[in-house]
Amino acid sequence: MANNLVIGALRAKAKSFNLSSKKMHNVPKSVARLTNVLNLQLSNNCLSTLPMELQSLKHLTELNLGNNALKEIPSVLRYLNSLRKLYLFGNHITHLPPDVLEKLSKLVLLNLNHNQIAVLPPEIKSLCNLETLSLLDNQLVEIPVEIGFLSKMIEMNLTNNSLVRLPKQMSRLTQLARLYLARNKLTELPEGVVALTELRVLDVAGNRLSIFPVDFQYLKLTELLCEGNPFVKCKLMESVQVLEVLSLKELAARLILVEGRSRFSKVHKALVHYPELALMLSEWGRCALCLQPFLTTWLECVVFINLRKEMKVRSSHTTIPVRVLLCSYRCFNQTGHPYYAIGSF
């Protein structure tokens, strides 16, 4: 029957070919004759592999292999380097072969939902044109730092995995508009998330977040889903302030950071000769009150942001806690600011 369909498609010079829901265990090799096909639908079958003959489909731009019995991504895909959309949802895939990823640089959409993937290889960076990446319902524990190379990413769905952290390199995804992270094990979002200037929808529901990162309130979100997290509550309690003694390293770092802000200063010019020092100082922060730079956070505080009034965001929450960093108790003891020190009891 499938061969008859192939013959019909050849006669019609079809650009799209559909063999979905045919209860197939194997793809007929005759499909390889459809060298002008752009769209091939093979979803809802019992496929565990693909014949190597399909490498003749050099013009194929969309391939749907969803809901099959694949345990790995078929190696023949590395020859289909015109692919722009690849659907592999609902299989039994456990890993992504680097040699295949490296050949799929034209992909704009990759759907791997409902598989058993635990690790994304560094070669994910080869998907340099990717705009949509969906890994809903897998077994991911972490995301590689190479994710930061996917600069064209618009939507990323990592819902229902086992992520405990995200790399700070995600802040490089400046085109990202929708990020779904619900039902993971995240205890924090990476600092620098405010760099995601195009982000409009963020879903972090059902994680382990206690506070949002510095400057989170400046994101231009339209929707924030964050229920089911153990956020810091605003509960006043007495505190004890210890004597403020900065280390010599901290004092020197603060001086260098101040002097180094001017491109014409001797300190700024000298830093290029001390790469290890420059790397250490690259982790600097800025006091929310005096705006002076520091290397080591002296006091971690929190400000409670009204989502609807201050961020104009749709959310089931009214307020959220956002981290604030101060350089000293001297700043903290100033009057009139809305910051609370974070304590434990």
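1. Lys23 is not a glycine, yet its phi is positive, near 60°. With 71% relative accessibility, Lys23 counts as exposed (exposed means over 50% relative accessible area, buried under 20%, partly exposed in between, with a 1.4 Å probe and protein chains only).

2. A word on the model itself. It is predicted, with local features needing pLDDT of at least 70 and side-chain atom pairs pLDDT 80 or more, while totals for chains, interfaces and linings use all residues. Residues are numbered from 1 along each chain as its sequence is written, and side-chain values use heavy atoms, leaving out hydrogens and water.

3. Lys312 also deserves a look. This residue lies in the loop between helix 6 (307–311) and strand 14 (319–326). Its phi is positive at about 55°, although Lys312 is not a glycine. Lys312 counts as exposed, at 63% relative accessibility.

4. Now the overall form. The chain contains seven helices and 15 strands. Its C-alpha trace spans about 85 × 50 × 30 Å along the principal axes. The radius of gyration is 26 Å, whereas a compact globule of 345 residues would have one near 20 Å; the value is taken over C-alpha atoms, and the globule rule is 2.2 Å times the number of residues to the power 0.38.

5. How much of the chain is buried? Buried residues make up 46% of the 345 residues. Of the contacts (heavy atoms within 4.5 Å) between residues at least 6 apart in sequence, 37% join residues at least 24 apart.

6. On charge, the chain carries 40 positive and 26 negative side chains, with the centres of the two sets 8 Å apart. Lys and Arg count as positive, Asp and Glu as negative, and His and the chain ends are not counted; each charge is placed at NZ of Lys, CZ of Arg, CG of Asp or CD of Glu.

7. Finally, the cysteines. The structure has zero disulfides, a disulfide being a pair of cysteine sulfur atoms within 2.5 Å. Cys287 is in no disulfide, and its nearest cysteine sulfur, that of Cys290, is 3.7 Å away. Cys287 is buried, at 1% relative accessibility. Cys331 is in no disulfide either; its nearest cysteine sulfur, again that of Cys290, is 3.8 Å away. Cys331 is buried at 2% relative accessibility.

Technical notes:
Helices (H or I, at least four residues) and strands (E, at least two) are DSSP runs, numbered from the N terminus.
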